[in-house]
Amino acid sequence: MVVNSTRAEPTRPESTPRERLTPLDKAPIWAGLVGSTVLAAVSVVTALAYRGTSGEPYSPFNHWVSELGQIGVSSLSTLFNAGLVVGGVLFAFFMLGLAGTGHGRVRHAYGVIGLIAGIAGAGVGILPMNHVGIHALVALTFFNLGWIAVGLASIDFVRHPDVRFPRWLSAIGAATVVAFVAFLVSLKTEGVFDASGLAAPTVRRAFWIVPTLEWALIVGIVAWVFLTAWTWRRATA
């Protein structure tokens with residue numbers, strides 16, 4: 001009797017990262033990559049060209065982020081504000097796409113919150129620092145909702161493991177949340193809660209903790225978006 005020695009090959013999983021990739025994945029991936037890159041690029045270029053009312057160079061340690069978009073002071077304010085509009089719209093689209101590909105119920109929350117935060121971010125570019133009252137409103141809306149969207153998505157990555165989104169992304173998200181909490185505490189400590197407090201200071205310290213933490217928050221959000229989009233694309237390319 002002949003014994004068939006052929007052994008059945010193990011069954012491959014039905015769903016692989018490559019099989020999950022669709023055109024609907026590609027659009028938010030590129031929105032995240034392009035949007036975060038645009039924001040980083042216009043910030044660096046505008047900061048290098050910046051000269052303040054006293055002729056001082058730009059420093060993230062004592063200048064507000066929005067001062068890069070202040071018309072009549074920042075020489076490349078138009079470039080920076082346009083970058084905020086593009087980056088804000090793409091951030092909103094990215095968060096919606098990320099929520100659409102997620103697993104848990106919390107994805108609905110960070111999708112909607114991310115959408116509103118992105119619209120507010122675009123509003124910061126449309127309403128620059130020269131309109132300080134409404135500008136402060138849209139800027140604080142972005143800050144307050146942006147960190148929540150990032151934080152909720154990071155929690156989702158931990159609760160619902162996915163090869164596209166490694167858990168170390170959650171550490172960056174957590175650092176961004178910490179940066180916001182520290183920023184909020186510094187605002188309270190400095191008494192900066194109204195539009196006048198968010199205006200460019202007449203006397204500028206060499207080091208000011210509030211704008212420094214504001215920049216830390218921005219860097220955290222931009223880095224998180226770029227790396228999340230990058231790992232998503234890498235796992236499904």
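Begin by selecting Phe94, Phe157, Phe165, Trp224 and Trp232, which ring pairs link into a cluster. Rings of Phe, Tyr and Trp (its six-membered ring) pair if their centres lie within 6.5 Å; planes under 30 degrees apart count as stacked, over 60 as edge-to-face and the rest as tilted. The model is predicted: local features need pLDDT of at least 70 and side-chain atom pairs pLDDT 80 or more, while totals for chains, interfaces and linings use all residues. Residues are numbered from 1 along each chain as its sequence is written, and side-chain values use heavy atoms, with hydrogens and water left out.

**The whole chain**

Display the protein as a cartoon. It has 7 helices and 0 strands; these are DSSP runs (helices H or I, at least four residues; strands E, at least two), numbered from the N terminus. Of the 237 residues, 45% are buried, where buried means under 20% relative accessible area, exposed over 50%, and partly exposed in between (1.4 Å probe, protein chains only).

**Aromatic pairs**

The whole structure contains 13 aromatic pairs. Select tryptophan 147 and phenylalanine 180: this pair is stacked because the ring centres are 4.8 Å apart and the planes meet at 15°. The pair links distant parts of the chain, with tryptophan 147 in helix α5 (residues 132-159) and phenylalanine 180 in helix α6 (residues 168-190), 33 residues apart. Phenylalanine 180 has 4% relative accessibility and therefore counts as buried.

Next, select phenylalanine 157 and tryptophan 224, a stacked pair with 6.0 Å from centre to centre and 15° between the planes. Phenylalanine 157 belongs to helix α5 and tryptophan 224 to helix α7, 67 residues apart. Both residues count as buried, phenylalanine 157 at 4% relative accessibility and tryptophan 224 at 0%.

**Glutamate 214**

Remain in helix α7 (residues 209-236) and select glutamate 214. This residue is buried yet has no salt bridge, that is, a side-chain nitrogen of Lys or Arg within 4 Å of a carboxyl oxygen of Asp or Glu. The nearest side chain of opposite charge, arginine 204, is 9.6 Å away; Lys and Arg count as positive and Asp and Glu as negative, with His and the chain ends not counted. Leaving aside residues up to four places away in sequence, glutamate 214 touches Trp64, Val65, Phe143 and Phe183, a contact being heavy atoms within 4.5 Å.

**Isoleucine 116**

Finally, select isoleucine 116 in helix α4. At 40% relative accessibility, isoleucine 116 counts as partly exposed.
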